[in-house]
Amino acid sequence: MLNENKINPIGIGTYKLDLENKTKTLEALLYSVENGQNFMSTSLLYGNYSVVNFLYDFFKKVNKDDIFLTCHLEPYIEKKEDVEKQLDEYLTRMNIDYVDALQVHISYASKIPLLETYEEIDKLVKKGKVRYISASNTSFEQLKQLVENFNLYSFEGVYNLECKYYENSGILDFCKENDIKFVCYQALRRNNIAKMNYPFLVQMSKKYNKTQNQILLNWLIKEKGLNTIIKTNTIKNIDSNLGSLDFTIEPKDVETLNNFQDERFNSIEIDWKNQGGITIDKLASQFKLD
């Protein structure tokens, strides 16, 4: 099994994988693994089960023990038995024996109390079907409750240059203090940050001879100490992502990136109960240019 301390900080995202060109997409995933990417996050909801079904072919060619795989529990968990039932869907559809981390994708995915849901995940750890307990898209109070009751390995949440909710609320520091790996999704906001062409980011791109996205990945991983999930369907983009860590950003530029805030995101009140407002998983999807 893969040592959790050897996880590549550039993870493989599987949301909206190109399944119309399965052969090329599979080639790209295998290329990622050949070049050191060994962390993957997926969900039954991606493509209405089609992504997980596609990963069956991936794991036919890749030893599961060489991949750290995180899976999400999705709406709706109505009773305790649903937790293991969902996990078994993952195991069966991908033809694997275990997942490395299991987490509730967002708190309202469970109609039973969140702590009871995680008690069931803990049982699955004891059974050997899950290696680690993780969390995702929770409020600070929910995360504190989980940490008080369970040994959390990681926390998956939205974080990027523009959208710093989890830093402003103190969760990034809390994760570091409690040795919880923070894994950020929408790290590039699906290329929407680069489309903004912020003058300081354009200047850095020219200065370091790197793309804006490479600047952002370098900052997130080397300067902020975070892990990322990046979806790519092409070898060209994979090479670009992997080329993000072979340079060092000067301290003054790091300070510029650290201090930047997009107040539009800061003004949004998060709807933690899914009552018609903007839930945390939808936060980075606001203010898109396309």
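Two strands pair if DSSP finds at least two bridges between them. Strands (E, at least two residues) and helices (H or I, at least four) are DSSP runs, numbered from the N terminus. The model is predicted: local features need pLDDT of at least 70, side-chain atom pairs count only at pLDDT 80 or more, and totals for chains, interfaces and linings use all residues. Residues are numbered from 1 along each chain as its sequence is written, and side-chain values use heavy atoms, with hydrogens and water left out.

**Exercise 1.** State in which order the strands close into a barrel, and in which sense they pair.

Solution. Step 1: eight strands close the barrel in the order β1-β2-β3-β4-β5-β6-β7-β8. Step 2: their pairing is parallel.

**Exercise 2.** Describe how α10 and α12 pack.

Solution. Step 1: the angle between α10 (residues 212–223) and α12 (residues 251–259) is about 95°, and their axes are 11 Å apart. Axes are lines fitted to C-alpha atoms, for helices over the stretch in contact, and angles run from 0 to 180 degrees between N-to-C directions. Step 2: the two helices are therefore roughly perpendicular (65 to 115 degrees). Step 3: I215, W219 and E223 of α10 make the contact with V254, L257 and N258 of α12 (heavy atoms within 4.5 Å).

**Exercise 3.** Is H105 buried or exposed?

Solution. Step 1: H105 sits in the loop between β4 (99–104) and α4 (114–127). Step 2: its relative accessible area is 15%, so H105 is buried (under 20%, with exposed over 50% and partly exposed in between; 1.4 Å probe, protein chains only).

How values were computed. Parallel < 35°, antiparallel > 145°, perpendicular 65-115°, else oblique.
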